[in-house]
Amino acid sequence: MTEKIVVDAGSKKSTISRHIYGHFAEHLGRCIYGGFWVGKDSPVPNIHGYNKAVVQAFKELNIPNLRWPGGCFADEYHWKDGIGPKENRKRMINTNWGGVVEDNSFGTHEFFGLCDELGCQPYICGNVGSGSVQEMDEWIEYMTFDGESPMANLRKANGQEKAWKLPFFGVGNENWGCGGNMRPEFYADLYRRYQTFVRQYGKEKIVKIAGGPNIDDYNWTDVLMKNAHWLMNGLSLHYYTYEYHWGDKRSSTDFDKEGWYRTVKNAYRMEELVRRHGEIMDKYDPEKKVALVVDEWGCWHQCEPGTNPGFLYQQNSVRDAVTGAITLNIFNNHCDRVKMANLAQAVNVLQSPVLTEGDKIVLTPTWHLLHMYKDHQDAELLKTRAACGDCGIQEKDLSVSALSVSASVKHCDKCGKDKYLVTIANADSDSSRQVEISLAHFAGKIDSAEGSLLTGDAMNSINTFDKPDQVTEKAITVEITDRDSVKITLPAYSVAAIKIKA
């Protein structure tokens, strides 16, 4: 049996913002210290203190933005503790993550320096939970004001003459939980107040992102949009994929077929969340001026045995690559509302693209997935239809669509051709799928087609420091069957990226 995917080449819907492919770096475990930052005097090869190999790995993904300093850490972070001579910076206990000492050696200047090295845009999350309006106001002034003022002069005294560009600023984080345990009505009023002082000093616009709902708290979205939508440019959404649920996390590698399908089904739930929150936003913002910003997403499993449970260090396998592909396809297909997203987290925490151990790094299956998907950035979304069967364990209500797909197109000025990218996840844990991809409303002729495939010997295959290449991209045979059609064979538990030039 052949599954069929139809890509409507004549139906360009919206631009897939490159910012959907953003990342997240919190002061959590070894994401900053021992991840991105090793220090200038480290024996680990570094660029001004940044781990050289880690920086190169993320540059290869065309990382568009990086969110910092949290997360829950953001609402206990006081930015003045992280500026000036490092020997004078305050030390504190990171009460959210592991109870370890935070020496604030990585602060505002180091973060902007990291973004410069990565070639990405900074996304800073401000402290609403334990911080004052004055503190946020002064931080914005410190970062973005180029004139004569106390905070601008302080920045200059600390070695940064020119103001930085700050494209994205979050007004608090998870204010329904670790950011203050607030009611939506209370946070809506706080948001209105705090965002007032996220001032526009220069010509560069600061996109203001309000702290949005936890998973399916649709009332939170309704209250925030009703009371403050005209004062925001984005509303965040946080959703993590578990095998079971928040209080019952399971191993990232030791799972069976049921564990596979429970996780995959939970990944598919992102479709419902984006759609339903989007419908509420449409009531107040039919022109879609306010972006849905999914700035924390990814798989959350048990931490690896023998590691600090507060560090959230976990492996990630083929399963994480497939669920990540499903999630990114959903974001792509809803890019009229989803304008930004941040995978949690970048290094050594949760579903990380990169793991480190001293001077060694591992590129996880998730890194390879993002590498395969990177050409979707700033491409035009095309409408797709997939005529495919289901897979799963029906008697346990674990049936899911076997195939997840999204497609986009970019015109190549250099070659004069349109370049199509079709990304497909096969969620079937047992069976391969014969897939025919057809371009509808297409008057031309396919010139060439090639593809890459991501899978492993088993559905829980991983990359380790001893065996770093167990799950990597490999070429897949793409057969051109007609002027507008190609055919591939997708193995079980795999992801494919098909590039068509026409």
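A: Buried means under 20% relative accessible area, exposed means over 50%, and partly exposed is in between, using a 1.4 Å probe and protein chains only. This is a predicted model, where local features need pLDDT of at least 70, side-chain atom pairs count only at pLDDT 80 or more, and totals for chains, interfaces and linings use all residues. Residues are numbered from 1 along each chain as its sequence is written, and side-chain values use heavy atoms, with hydrogens and water left out.

Q: Is Cys72 buried or exposed?

A: Cys72 is buried, at 13% relative accessibility.

Q: Which cysteine does Cys72 form a disulfide with?

A: Cys178. Their sulfur atoms are 2.1 Å apart. A disulfide here is a pair of cysteine sulfur atoms within 2.5 Å.

Q: What parts does the pair tie together?

A: Cys72 lies in the loop between β5 (65–68) and β6 (92–93), and Cys178 in the loop between β9 (168–171) and α5 (184–196), so the link joins parts 106 residues apart in sequence. Helices (H or I, at least four residues) and strands (E, at least two) are DSSP runs, numbered from the N terminus.

Q: Which handedness does the link have?

A: Left-handed, with -90 degrees about the S-S bond.

Q: And how accessible is Cys178?

A: Cys178 is partly exposed, at 34% relative accessible area.
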